[in-house]
Every structure is written in C-alpha cells, then in structure tokens.
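Student: Could you help me learn how to read disulfides in a model? I would like the general idea and then the case at hand.

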Amino acid sequence: MARCCCMLVLLVALGVCAASRGREWAHHGASMFADLTPREMRDVRDYLQGKPELGLTATRGKDLKKNSILLMELHLPRKHEALRTLDRGQAKPTRQARVVVQFGNQAQPNITEFIVSPLPFPTSYTGKTFKGDRPIRFESRPITAAEYSHIIDILQKITAKVHKVLFETTGGFSFHNCTNRCLTFSDIAPRGLESGERRTWIMLQKFVEGYFIHPVGFEVLVNHKDLDPERWTVEKVWYNGQYFDNVEELAERYEKGTLEKVQLPDHDDEDLYSTYIPRGHSNTRTDIHGPKLVEPQGPRYHVDGNFVEYAGWSFAFRVRSSAGLQIFDLRFNGERIAYEVSLQEAIAFYSGDTPAAMQTKYIDAGWAMGTVDYELAPGIDCPEIATFLDLHHYYDTDKPMRYKNALCVFEMTTGMPLRRHFNSNFQGSYNFFGGLENHVLVLRTTSTVYNYDYIWDFLFYQNGVMESRVSATGYIHATFFTPNGLHYGSKVYNFVLGNLHTHLIHYKVDLDIAGRENSFESMDLKYVNFTNPWSHKHSVVQSKLVKTQHQTERSAAFRFGKKFPRYVHFYNPNEKNKWGHQKGYRIQYNSHANSVLPRGWREENGISWSRYPLAVTRHKDSEPTSSSIYTQNDPWEFMLAASQPWMTLLLGFLHVPHSEDIPNTATPGNSVGFFLRPFNFFDEDPSLSSRSTVIVRPDKEGKPKVQRWTPEVVGHCVTDKPFFYNGTYAGV
C-alpha cells in the first residue's frame with residue numbers, strides 16, 4: 001500500500017512539474033510573436049538606409065520619385081521552429097522584420113519586400129518572392145501622405161475653376177482660401193477598373209464634425225498614376241447627377257444657367273446633425289453615473305509584455321500593422337487549443353448611384369488596418385479598471401509611432417450566470433440552488449478605418465470557450481442623394497444617401513487540438529422513421545446524427561449558396577477523453593455573411609476567400625496570410641495563391657443604412673463573431689474548478705445555508721451586505 005502511495009505521489013509530482021515546465025515554455029516563447037519594438041524599428045531603418053545599393057531616403061516629403069520604407073512589421077517564425085521553443089523549451093528562432101520598400105526612383109518603379117535579420121542588430125536582408133516570381137505592381141501600393149499632399153494640390157486647382165459653383169451652392173463653403181467654412185474630400189478605392197491603373201474618384205464634403213455624411217454633390221475622377229504630379233489629369237466630373245468631361249464644362253454650364261444645380265441648406269455650427277452633442281428629450285437622470293465595473297480585490301489576470309494568463313487560459317498576442325489583432329499559442333490548462341487565431345482582412349463593398357458610390361469596394365488591409373488603432377477611452381471603449389497598453393507601428397513614417405493606450409485587457413462580469421439551477425421541491429421550497437457567475441477576460445483593440453470604427457474582441461470564458469467578435473460603429477459612408485439612389489440605400493438626411501454595403505471579416509484559425517494531428521468532420525441531422533418498439537402499431541420519427549468525415553480540401557470548403565453543416569467539429573483522432581470520445585473543439589458562428597460579387601467578377605478575384613464561410617486546408621508556412629496591402633488597389637491581379645491556407649472563417653453582415661444611423665452606427669445588432677467551444681475535449685465542464693460557485697441548501701429548520709469559496713462580502717464599492725438567498729415561494 002505504501003508503495004502505491006509513493007507511486008501516486010510521484011505521478012502527481014511529475015504532472016505538476018510538466019505543467020510548470022509547459023507554462024514556463026509558453027511564457028518564454030510568447031516574445032516570438034511580439035510586435036517589433038521601437039528600438040528594433042529604428043535599427044532596421046538605420047541598417048537599410050545605410051545600404052547604398054538601395055538608395056533609401058526619408059519617407060516623408062512630397063517627392064514621389066524616391067526609394068523609401070513604406071511598412072515595417074514582425075516577420076513571424078515558421079511554425080515548426082516556434083513549436084520547438086513552445087513545446088521543448090529550445091532557443092527561440094532568430095527574430096526578423098518584414099519591410100516593404102517602394103522603389104520610385106528608378107526606370108521601372110516597383111514594390112519590394114525584404115526580410116531583415118537578425119534583430120535587434122540586423123546584418124542581412126533578403127528579397128521576398130510572390131506567386132510566379134512576379135513583381136508587385138507599383139500602382140498597387142497603398143496611398144501615402146506624400147501622394148495625398150499632391151491630391152490636395154490638384155484639388156485646389158480643380159475647385160478654383162468651380163469655386164463659384166461650390167461657394168454659392170453649399171452655403172459659403174470652399175476648398176481653397178477658406179477659414180471656418182471649408183470643404184474636404186474622401187477618396188475611393190480601388191483606384192481604377194483594371195491592373196496598372198491609378199485613377200481615383202474623389203468626392204467633396206463639408207469639413208465639419210462628422211464630415212463623412214456631408215456630401216455636396218461634387219465628385220471628380222483624377223488620374224494620378226504618373227510620379228510627376230504636374231502630369232496628373234482630370235478624366236471625369238460628376239455634379240448632382242450630371243457627368244462632365246472636365247471642370248471647365250461644369251463652370252461654363254453654371255454661368256449660362258443651364259446647369260441643374262442644387263442649393264444645400266446652411267448649417268449652424270451648434271446644430272449639425274453629424275455631431276455627438278446631445279439633443280432631444282432625455283428620460284435618464286444626469287445627476288448620477290450609471291453602473292461601473294469594479295475589481296473588489298484587484299485583477300485576477302496577469303499580463304507580462306504580450307503574454308496573458310487568466311483562469312487556466314494563456315496566450316500571446318500581437319497587433320499586426322497591416323491586418324490587426326492576432327493571438328498565438330492559445331492554451332487552456334496547459335493544453336494547446338490553437339496555434340494561431342488572427343484577423344486577416346475586413347472589407348466593405350458598396351452600391352450606389354453616384355460614381356464614387358458604385359466604385360467603393362474597401363479592402364481595409366490596403367489602408368494598413370492594424371495601424372489605425374488609436375487611443376481607447378476609459379469608461380467608454382474599455383472599463384476604467386482595464387489594463388491599457390501602448391502599441392507601436394512603422395507605416396508611412398520616418399520613425400516609430402506610438403499609439404498610447406491602444407489596446408486593453410480586462411475581466412468583466414456578463415450579468416448572466418455561466419451556469420445555474422433552482423431545484424424546486426414543488427412544495428413551496430427547494431432542494432438546492434446552485435450558480436456560477438460568468439466572468440470573462442476581454443482582449444480589445446479598435447481600427448478606425450476612415451469613417452468606420454471596428455471594435456475587435458477576443459473573450460475567454462471559464463469553461464474553455466473562446467469567442468472572437470467584431471462590432472461595427474462609426475459613421476456610414478454616405479453619398480449625395482439622387483432619386484435613383486433609393487435603389488441602393490436610404491435617405492438619411494437632406495441630400496444624403498446612406499449606401500447599402502456588406503461587411504466581411506476574414507480570420508485565420510490554425511487549430512492544434514491536443515496536438516498537431518487533427519481531423520475534421522461535419523455533423524448534420526436527418527429524420528429516421530421506425531416502428532415503435534413498445535407499441536408496434538405506431539411509428540417513431542426523430543432526428544439522427546449523421547457525421548461526415550472530410551478527407552480532402554475540396555470536401556472541406558463550404559461555398560455560399562450551399563447548405564452549411566449544423567456542427568463543424570475538429571478533433572484529435574489519437575487523443576480521447578475519459579468517455580472514449582476523441583478530444584475536440586467545434587466552431588459556432590454568429591454571422592450573416594454572404595458573397596459580395598459573382599465568382600470571378602473582376603474585383604472578386606482579389607477576395608477569393610469570400611466565396612467560403614468556412615474552408616479547411618493543411619497548414620503551409622509558405623502561405624501565412626490570405627490578403628495583402630496591395631489587394632485594395634489591384635484586386636484584379638491578386639498576388640497570393642488562389643486557394644487560401646489553413647482553416648479560414650468568414651463573418652459578415654449586410655448594412656442597409658437607416659435614419660437611426662445618424663449621427664453614428666450603433667454597436668447593438670452590428671456585431672458578428674464565432675465561438676471555439678470544447679466538444680468532448682474535457683471529461684466535464686472545466687469551470688467546475690472555479691471557486692466563485694455558490695450553493696444554497698435549506699437546513700433542517702428550512703433556513704438557507706450558503707456554501708461558497710470566496711469572501712462573503714464582495715466589497716463596499718459593490719455592496720456591504722453578505723450574500724442572501726431565500727428560495728421559497730408561496731401564494732399571496
């Protein structure tokens with residue numbers, strides 16, 4: 001017996017040792033996924049600018065004919081190299097940077113990507129190749145501050161020719177020589193109709209708070225492909241439903257009185273419909289604050305750099321400059337669930353009657369979606385108790401840019417129990433009550449991509465469930481109202497059309513369920529009809545579970561328009577739980593996505609991933625992403641492989657703007673996401689380990705006896721009263 005006890009103690013000790021070692025390796029390896037530090041960015045910049053063969057100059061400045069750094073971000077290690085660190089505690093692979101350089105000062109301008117290593121003291125750079133070794137078209141590059149400065153210059157010249165038209169029809173607003181009544185602009189993408197073009201529709205708006213919903217009815221098509229801005233040209237003009245070949249024609253028609261013009265109403269600065277200033281009667285008291293989130297005894301999670309631990313969860317995170325929020329090495333109780341869950345792309349494809357509206361197909365990685373994560377407001381964007389972290393990016397700049405408090409981590413109560421049951425005795429009392437408060441950890445950042453604000457969340461529940469969610473808010477993309485525009489949206493204010501559009505969000509999910517050997521099956525139901533075994537003259541009709549194993553990538557790709565399985569289940573065929581089931585997780589969707597263009601139609605080729613709400617393939621280190629910063633301005637000739645890697649999840653929703661979108665789109669009803677839910681991964685609900693459970697049983701006298709494992713009194717900032725529960729019920 002003593003020998004058995006010794007063996008048991010040894011096994012427990014070995015288990016504890018292994019768990020401790022695994023945690024240590026996860027913590028040690030997290031920095032592999034950390035974004036570049038400001039020091040690393042400066043070192044890479046200085047190293048490349050010191051290479052005479054590259055001829056690099058400063059990024060800022062108005063010259064377009066230059067060689068300069070556009071983007072710098074972490075180049076991820078190969079998965080098998082990272083796993084040696086995470087699973088064996090071996091040395092971390094060499095840290096590297098991905099650098100995008102625009103070579104404009106040469107006979108054939110192009111975009112070249114380099115992998116620079118090792119960091120923080122680089123000594124080498126190598127070029128990165130793409131499909132078919134094709135060069136990246138220079139015209140596909142994202143637009144920069146330098147190019148915008150020249151767009152402003154040409155708009156000054158254009159609007160000077162139609163100054164009278166604009167000034168007299170907008171209530172005294174102008175683009176040039178203005179003081180407090182200025183016009184601004186929004187530029188539309190993609191910039192052209194086929195590869196190699198750089199032609200942009202630009203619409204003018206009143207420069208007031210929320211100018212996105214103040215179009216003035218003037219749009220112009222500018223060809224800015226040439227690197228000499230003096231050679232840029234105006235190709236088309238649109239005003240109030242009428243097309244013109246040039247601005248002179250519009251000005252001439254206005255002077256002759258033959259122009260169908262529009263007179264916009266004047267606005268007082270204090271009464272603009274696009275502002276956040278409260279208006280209307282409020283039924284809510286304003287002399288007291290609403291409820292707030294508190295941590296009575298301090299935080300229960302731990303953040304160390306980019307490594308986070310909470311209630312059995314651990315993971316590393318980064319905010320990729322070109323895409324956004326991503327997590328790596330996701331574990332629960334030491335077991336890896338996923339190697340990577342990462343945002344890849346967000347698009348918004350519009351419809352409309354004006355040329356700008358019908359051309360708008362925003363592909364947000366092309367606007368460096370990850371770099372527009374601005375400061376989060378305590379108490380609004382995140383609770384005041386949250387841990388706020390700074391982010392750093394190097395995009396269209398000459399030095400690292402710090403985005404203060406741009407990411408937050410916090411634990412919150414959902415106001416909904418994770419589990420609960422009232423067990424009635426059906427005689428006015430109860431046998432017991434049991435419940436567990438639902439606390440979750442939230443990792444959050446935002447992307448303000450021009451008019452829209454995306455709120456990106458990862459939520460971690462105590463029962464081994466992870467949720468990924470995106471909520472859309474901000475201003476709608478509005479164009480000038482025309483009667484025909486009602487086919488493509490809603491009139492939301494005088495002369496303003498809210499254009500219908502579809503949001504699609506693309507995620508990469510690289511699952512490693514209890515190891516790398518994972519399989520995929522879908523589950524559906526079918527009706528079965530059989531003779532009732534205890535009443536032979538009757539039949540039983542009920543649902544039966546039907547499982548389909550997906551052995552090929554073609555079988556595991558589910559297109560829009562075809563029936564989607566009820567359950568999608570990923571499991572390890574070599575690992576079983578206590579009950580003989582293969583350990584697995586399933587994906588549960590909260591989405592209303594659908595395709596945005598017919599398959600193969602021009603711009604759809606650049607977003608081929610949008611054909612599938614779910615596609616599962618084998619992991620390939622050579623296919624790390626599904627989109628790129630070049631797709632926005634060249635969706636017709638996509639640089640990446642047509643069949644996308646790994647498991648890809650597509651979320652989305654249709655938005656038909658309505659009057660309640662003024663001034664802003666609100667988050668309720670505009671959130672989509674997915675859950676990773678354990679499916680026989682554990683032997684029972686892992687939240688049983690939570691000591692926040694409360695059980696109430698009546699004692700012999702019928703008085704409630706409370707059993708709990710946390711302090712009886714929460715804290716004076718919540719309530720100074722102990723927990724009480726009666727549980728009885730009776731007639732009155």
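Tutor: A disulfide joins Cys382 to Cys408, with an S to S distance of 2.1 Å. In general, a disulfide is a covalent bond between the sulfur atoms of two cysteines. Here the term covers a pair of cysteine sulfur atoms within 2.5 Å. This is a predicted model, where local features need pLDDT of at least 70 and side-chain atom pairs count only at pLDDT 80 or more, while totals for chains, interfaces and linings use all residues. Residues are numbered from 1 along each chain as its sequence is written, and side-chain values use heavy atoms, leaving out hydrogens and water.

Student: Which parts does the pair Cys382 and Cys408 tie together?

Tutor: Cys382 lies in the loop between β16 (361-363) and β17 (387-395), and Cys408 in strand β18 (residues 401-424), so the link ties together parts that are 26 residues apart in sequence. Strands are DSSP runs (E, at least two residues), numbered from the N terminus.

Student: Are Cys382 and Cys408 buried or exposed?

Tutor: Buried means under 20% relative accessible area, exposed over 50%, and partly exposed in between (1.4 Å probe, protein chains only). Cys382 is buried at 2%, and Cys408 is buried at 0%.

Student: How many disulfides does the structure hold?

Tutor: There are 2. The other pairing is Cys178 with Cys182, their sulfur atoms 2.0 Å apart. Cys178 is partly exposed at 26% relative accessibility, whereas Cys182 is buried at 13%.

Student: What is the handedness of the link between Cys178 and Cys182?

Tutor: The torsion about its S-S bond is about 105 degrees, so this disulfide is right-handed. The link of Cys382 and Cys408, with -80 degrees, is left-handed.

Note on methods
Helices (H or I, at least four residues) and strands (E, at least two) are DSSP runs, numbered from the N terminus.
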